Amino acid sequence: MSPPDQTKTVRGVKLHCDPAREPCFKVVELHKDLHDYDDMSEVSRRQRLHRHMHNEMQTLEIVAQGLADFPNVSWELRMQMARQCWDESRHSAILYRRLQEMGGRKGEFPVMNYEWGVTQLLNSLPARLAVQNRTFEGGEMDLLRQQENMWNQAGDPETASLMDALLADEVHHVRYANRWLKQMAHENPRTLMQVAAGVQLLQKITAALAPQTGEKNAVGVNLTDFTHVEVMTNVDDRRLAEFTDAEIADLLRKEGFGSLVAPLTPGA
Ligand SMILES: [Fe+2]
Ligand SMILES: [Fe+2]
């Protein structure tokens with residue numbers, strides 16, 4: 001008997017079904033149903049912390065599920081994943097506490113399990129490390145540096161310093177994944193196929209769920225403006241996380257800074 005289908009279809013693509021959530025959470029499936037604001041008003045500050053808290057919860061669940069799904073990988077890698085679970089649960093708790101200090105509460109805003117929905121479709125650990133740690137958390141490193149500045153500029157150095165503290169852990173999560181992916185690719189060339197399959201699936205789902213031009217979210221923010229909130233590549237921390245100079249240059253090129261970095265091929 002085949003196992004029950006654990007997928008759902010959203011805008012024509014398959015995603016893994018949502019993880020269990022307490023009844024206080026309203027779970028949505030599209031960016032447009034979230035309450036992302038584009039300012040630093042009181043409600044927006046709470047929403048940012050709430051979204052971030054939920055994101056850390058999801059990361060904990062993704063890495064813990066990886067430990068359960070891939071019991072035969074090396075002990076050292078499993079220890080790294082277990083330590084990451086501890087970091088992510090601490091991150092969730094830190095953000096929850098700050099949310100409460102600001103008068104917010106768990107379940108105050110809708111949440112979306114996008115990262116879970118993508119990663120749980122991937123049936124190899126290299127693909128999950130590539131998508132979760134290297135891509136999602138690599139992106140989070142860029143975002144956290146921006147957020148630290150945003151909170152400082154909004155007159156909240158306490159929350160800003162939390163962003164800085166979380167970033168130090170995220171660098172480590174990205175770095176250990178980079179190291180293990182390199183080693184696994186060296187030992188088994190099939191790893192690269194698994195990574196490519198993961199990245200391809202991520203691109204397909206991201207494209208399908210991307211907000212359409214002019215689409216507004218539940219609080220009236222234009223999503224095609226919002227999704228590109230000046231998140232620039234955090235070059236210093238990406239170096240610490242052991243992205244190569246070529247990979248960083250590629251990211252900068254995609255952000256329109258191609259003239260600042262070396263050409264793709266010598267003489268090109
Ligand atoms: Fe985290
Ligand atoms: Fe992390």
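Which residue coordinates both the iron ion (ligand 1) and the iron ion (ligand 2)? Glutamate 88 does, and the two ions are 3.4 Å apart.

The model is predicted, so local features need pLDDT of at least 70 and side-chain atom pairs pLDDT 80 or more, while totals for chains, interfaces and linings use all residues. Residues are numbered from 1 along each chain as written, chains are lettered from A and ligands numbered from 1 in written order, and side-chain values use heavy atoms, without hydrogens and water.

The iron ion (ligand 1) is coordinated by Glu56 (OE), Glu88 (OE), His91 (ND1) and Glu170 (OE), at 2.0 to 2.3 Å. Donors are N, O and S atoms within 2.8 Å of the metal (3.2 Å for Na, K and Ca); water is not among the atoms, so sites may look incomplete. The spacing of these donor residues in sequence is E-x31-E-x2-H-x78-E. Glutamate 88 lies in helix α2 (residues 75-101) and glutamate 170 in helix α5 (residues 157-187), 82 residues apart. Helices are DSSP runs (H or I, at least four residues), numbered from the N terminus. The four donor atoms subtend angles of 84 to 140 degrees, so the arrangement is irregular. Four donors count as tetrahedral if all angles lie between 85 and 135 degrees; four count as square planar and six as octahedral if opposite donors are over 155 degrees apart and all others between 65 and 115; anything else is irregular.

Glutamate 88 is buried, because its relative accessible area is 0%. Glutamate 170 is also buried, at 0%. Buried means under 20% relative accessible area, exposed over 50%, partly exposed in between (1.4 Å probe, protein chains only).

Conventions:
Helix = DSSP H or I, 4+ residues; strand = E, 2+ residues; numbered from the N terminus.
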